[in-house]
Amino acid sequence: MPKIPFIKKFITCILAGLVIGAFTLRQSITWLRTVTPVRVISMLPLLSLVAAVIYVFIWQARKTNRPATLAFWQGLIRYGVAFDLASFGWEKICHLQLVMPQSKLDLPYRSFSPSDLFWYFFSHSYLFGCIIAGFQIAGAMLLLFRRTRLVGVFVLLPVLANILLMDIFYQIGDSVVVHASIMMLGALYFLFIEFHRLKEFFFAAKDQLPAVNLSKYYKIAIRLSIIYIPLLFIAMHGKPDKYPQLTGKYEVKELKVNQQIQYRTSCADSILTVVYFDIRNGCVFEFNTPQKRWNGTYSIENNHLEISWRSPADKPVFKGIMSPADSSGNLMLTGVLGKDSMSIVLCHHLARSW
């Protein structure tokens, strides 16, 4: 009977304790929080990990190398990862996940936190959520069978990697990142124990595809073309933001039409309140509400500004001059819109940083 190294016993037991503790904690918080004190629930991962640490030393002290013991702890890892992923999948199908509260749907996009943006995006398509759920459930089932275990790992790894990266970069929460990381490690464990098998399959096995009869240097140039040709096209196209010093949102601090100062007396007034200078020379005039907007394209040369409108298309072209309004960075637009002369003082509005 081959000897099982202590490091393998240690890693297997510790990982099993983490996986079982993590999925037990999540299930308890989701379904048992109303009947079990949170203090008791929060102790489950610690108890699971302590039990695993104690057992690994007992296992080593007994000097037994039964494969059944190793299979039991590996089975705990497989079941914990599979149960966790399958439960996430069924929750998506049953509208318990990827659901955006109705109270937030009418809020401005700019007011959303990264986690709100995440939930809003994925709640848009129920079918897309069901497809993700299908991969989670199918991969979990494949992971539980010995012959399909490796297939289940290959199905679940992209799903888990995507979940983990979104949890990190959309700031879903530290506890969620830790949970996803543990499940990721559980899946990677079964990839690493099959290292020699995978090495043989991917690198040592004979390739069945015929070779292309080209010189080595031509092949290298073709392979590298996927890097340098797209970069060349991008460099030739130029940046979408041609005037970064101008791009941004500007609040109208003062507006004069035909030398008369315009005042907003109510929220129903159709008075210019916000101006956007955007990428690809986009320009938007907003009249008090986001529902009243003129969308156009601007060109600027030597401080001479011209704005042509796409929607509504019947609006006259704005022609004017842009200049600094004061030392604080405000801008002055003076020009003509149709038959009306206009003078606009714009105050730059900094975007929200998360």
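Which residues does Leu160 touch, leaving aside those up to four places away in sequence? In this predicted model, Leu160 touches Leu85, Met183, Met184 and Ala187.

## How α1 meets α3

Start with α1 and α3. Their axes come within 8 Å and cross at roughly 160°. An angle over 145 degrees counts as roughly antiparallel, so that is how α1 and α3 run relative to each other. The crossing here is right-handed.

On the α1 side, the residues involved include Phe6, Phe10, Ile14 and Leu25, while α3 brings Leu44, Val53, Phe57 and Trp59, among others. Sorted by class, this contact has 16 nonpolar, six polar and one charged residues.

## How α4 meets α8

Now for α4 and α8, which pack at an angle of about 130° with their axes 10 Å apart. That angle makes α4 oblique to α8, and the crossing is left-handed.

Among the residues making the contact are Ile77, Val81 and Phe88 of α4, along with Met183, Ala187 and Phe190 of α8. By class, the contact has eight nonpolar, four polar and two charged residues.

Methods
Residues numbered from 1 in each chain as written. Predicted model: local features only at pLDDT ≥ 70, side-chain atom pairs only at ≥ 80, totals over all residues. Heavy atoms only, no water. Contact = heavy atoms within 4.5 Å. Axes fitted to C-alpha atoms, helices over the stretch in contact; angles between N-to-C directions. Helix = DSSP H or I, 4+ residues; strand = E, 2+ residues; numbered from the N terminus. Parallel < 35°, antiparallel > 145°, perpendicular 65-115°, else oblique. Left-handed = near helix turned anticlockwise from the far one by under 90°. Nonpolar A, V, L, I, M, F, W, Y, C, P; charged D, E, K, R; others polar.
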